[in-house]
Amino acid sequence: MRVLVIGSGGREHALCRSLKLDPQVTELHCAPGNAGIEEVATLHQIVPTDPGQVTELARRLGVDLVVVGPEAPLVAGVADAVREAGIPVFGPSRDAAMIEGSKAFAKEVMAAANVPTARARTCVTEAEAAAALDEFGAPYVVKDDGLAAGKGVVVTDDREKALAHARACERVVIEEFLDGPEVSLFALCDGRTAVPLQPAQDFKRAYDGGEGPNTGGMGAYTPLPWAPEDLTERVMREVVRPTMAELSRRGLPYQGVLFVGLALTADGPKVIEFNARFGDPETQVLLDRLETPLAGLLSACAAGELGDHPEPAFRPGSAVTVVIAAENYPAAPVKGDVIKGLGATEHAYVIHAGTKRVDGEVVSDGGRVLSVVGTGPDQETARRNAYDLVSRVELRGSFHRTDIAR
């Protein structure tokens, strides 16, 4: 199988790493990729959000499967164009991807499907936003309706700060705060059938103890020994299958991965958000534990044959990933610094996110620069192995959280 992965972040490096380990994959390409992906795949410099460029590259390479990593190409219609060219693609259509592309659309779908989620109001004026803030009270939850790379949400007790975020966005969804631990569950979907991966937990705030601004994610771990035993089946029954059915009813069959961000409230799991792609950095730990070869799973989703494919199996033990972020992330991250100490240890390795190669050196080229993945028979060992390798990486001005998976 010849595979083309679209994207350049940590999620795409994790996908490429797993695909490279799959004996079915004979040729692996990535566009545009990064310095780490370059070690396992052939890179191609195209604009990943341009449906025409992606389709032309896939056709020229004669690939058997295109895997679209990030949300922006999906919302730009890349999967539609590739599908129309007769090339199998893992990733939802532009209209189905609006489950992430518009928070208001996601809320509308959830209401129609009777999916448990926070009460919410969609607001376009400051007066509407002020009324919604007063209706739900603190902590205030204000979400940019459109794509914001995981950084469009403000959760605060400060009403003025909440109103300022609403003012800065064209349209916002303001909702009640859901209290309880947060969990991520990914479901692989082929338009009719959905199968779950195991739950993971990520850490959104920039600094230890859940302090600082929201980020795209500063670390993650799986499995979750504390999660309710029936969590996965309950979320599939109450959230994933009804959402897929509602999208199909609207003529939008969902093919790809549906990322469900949940709060485990006193009333049971409720949806915080949907994403139309693998989460970053949860993908790094989930794919590390995935025993089932990845290419066959993604190909079955693209072909509508997931029901005939064995369900995903996971290796025992734990995986923990810690994100190393550039100086001044998430505001205006500093780029262009040389990175050293990237070699793997016996039980840990580095996934590249915001990197590129300049004159033979790997340099920082984004906010979240690296994800260090540690593995072990239990969570504490995996955590220790991850932080051991983190301590060896040298990047001027960088920072990381010290409490991931604690």
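**The open sheet and its surroundings**

Reply: In this predicted model, four strands come together in an open sheet whose order is 6-9-7-8, and their pairing is antiparallel. At the edges of this sheet are strand 6, which covers 120–123, and strand 8, which covers 153–156, and each of these pairs on one side only. On average, and with direction ignored, neighbouring strands of the sheet are turned by 20° against each other.

Within that order, strand 7 (residues 140–144) is paired with strand 9 (residues 172–175) in the antiparallel sense, and the pairing runs over four bridges.

Helix 6, made of residues 103–113, lies across strand 6, strand 7 and strand 9, and its direction makes an angle of about 50° with strand 9. Helix 8, made of residues 159–168, lies across strand 7, strand 8 and strand 9, and it runs at about 15° to strand 7.

Turning to other parts of the chain, helix 10 (residues 282–289) is largely enclosed by the rest of the structure, because eight of its eight residues are buried. Among those buried residues are Glu282, Gln284, Asp288 and Arg289, together with Val285, Leu286 and Leu287.

Pro223, by contrast with a place in a helix or strand, is found in the loop between strand 15 (219–222) and helix 9 (231–249). Pro223 has a relative accessible area of 31%, so it counts as partly exposed. Leaving aside residues up to four places away in sequence, Pro223 touches Gln198 and Pro199, as well as Gly317, Ser318 and Gln379. The C-alpha atom of Pro223 is separated by 20 Å from that of Gly10, a residue 213 places away along the chain.

Lastly, a search of the whole structure for disulfides finds zero. Cys16 is in no disulfide, and the nearest cysteine sulfur to its own, that of Cys30, is 4.2 Å away.

Terms used. Residues are numbered from 1 along each chain as its sequence is written. This is a predicted model: local features need pLDDT of at least 70, side-chain atom pairs count only at pLDDT 80 or more; totals for chains, interfaces and linings use all residues. Side-chain values use heavy atoms; hydrogens and water are left out. Buried means under 20% relative accessible area, exposed over 50%, partly exposed in between (1.4 Å probe, protein chains only). Helices (H or I, at least four residues) and strands (E, at least two) are DSSP runs, numbered from the N terminus. Two strands pair if DSSP finds at least two bridges between them. Axes are lines fitted to C-alpha atoms, for helices over the stretch in contact, and angles run from 0 to 180 degrees between N-to-C directions. Contact means heavy atoms within 4.5 Å. A disulfide is a pair of cysteine sulfur atoms within 2.5 Å.
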